Amino acid sequence: MISRALLAGSLLALAASQLLGADAPPHIKLVLFQKGFTKPVALTADGAGRIFVIEHTGTVRLVENGQTMQDPYLDISDRVDQEGESGLLCMMFHPDFARNGRLFVNYNTKVGDQEQTIVSEFKVDPKGRKVDPAGERVLLRFNQPWSNHKGGQLAFGKDGFLYISTGDGGSGYDPQSNGQNLKTYLAKFLRIDVNGKEPYEVPPDNPFVNQPGALPEIYCFGMRNPWRFSFDRETGVLYCGDVGQDKWEEIDIIEKGKNYGWSAREGMHDLFPDRARGPLTDPIKEYGHTEGNNCIIGGYVYRGKQMPGLTGVYIYGDNGSGRIWGLKWDGKAITMDAELKGPEDVHMSAFGEDKDGELYVLDYNNGFVYRLTE
């Protein structure tokens, strides 16, 4: 009998080959944008078009008018732990930043020997070049058992709520079975309302608000290490690249209340099926650890102007091989799936998106930021 995973892979390959034969998407290249960063892990932009590069070490660098400012925009390196995959992982501006000056960060710290995740807020001058690190207001704090699998992304949805990705807490094979446990923040997407009472409110339509024994902030569960996710700025669809264990990397469409399988499954494949808590949701795409591929880097649906042949394409890559791919999802199936760039000696840590929807790639080892172009 043909397995579900094999059949799905065959159908996707057929769809891709049919599309490529008629209308192949453009190949892309990386053009150096800025260099001199220390372990860059994220890139974001404010509404004025300024670009901000987040460094793993606990600093954020401002790029304005094509120049990287010498002094950090934000420096919280004194409180950021950098052991393993811990560090400053993300900074995100409030959708109304130009008016309210609110920005949010996700980082790891240590209290004694205890590793923790911190999600906090700063209020700043929206036109300023410096954030006062003493102005931090912690929104969320929870313990981490190991130094890997932090997730760590932040993003605002079209609903105005703040979404937070968390990994399973680390080690390997999810030894605490956090992926299927609704009593922990680990291995989840969280959704909170930062526009009401302080420090935040729980949206009343979060799926587990009224479920005994479940944390109300949880939006969905069953994630391993959702390192990078993004909303399609046009449709609002939420895409996530969830890093696999030994064999399979996956892309998920994140929706309220769903269980994405870890660690009952890796990708579409059984791992510890007895751990499953209810029905499992398949990824829309998986790929194996072949040809140097070993760690998915989730990207963005392209909505810029410089690469019109890729409009509406979700662009993602792999940390191990440096390959970049693009796929189109119509809400039910993948209608295009193609390699856009072959192997590259780039230690890819993240993609970034500027105000205009143009995309960037960060090189963690060399401290480079590249623009994607046709």
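Q: What are the ground rules here?
A: The model is predicted, so local features need pLDDT of at least 70 and side-chain atom pairs pLDDT 80 or more, while totals for chains, interfaces and linings use all residues. Residues are numbered from 1 along each chain as its sequence is written, and side-chain values use heavy atoms, with hydrogens and water left out.

Q: OK, how many aromatic pairs?
A: The count is 17 aromatic pairs, where Phe, Tyr and Trp (six-membered) rings pair if their centres lie within 6.5 Å; planes under 30 degrees apart are stacked, over 60 edge-to-face, the rest tilted.

Q: How do tyrosine 173 and phenylalanine 272 pair up?
A: Edge-to-face, because their planes are at 80°, with centres 6.5 Å apart.

Q: And how exposed is tyrosine 173?
A: Tyrosine 173 is partly exposed, at 34% relative accessible area; phenylalanine 272 is too, at 26%. Buried is under 20%, exposed over 50%, partly exposed in between (1.4 Å probe, protein chains only).

Q: What about tyrosine 239 and tyrosine 314, buried or exposed?
A: Both tyrosine 239 and tyrosine 314 are buried. Their rings are stacked, since the centres are 4.6 Å apart and the planes at 15°.

Q: Switching topic: which charge lies over phenylalanine 272?
A: Arginine 275, at 4.1 Å from the ring centre. A charge sits over a ring if NZ of Lys or CZ of Arg is within 6 Å of the ring centre and within 35 degrees of the ring normal.

Q: And what sits over tryptophan 227?
A: The charged end of arginine 228, 3.8 Å from the ring centre.
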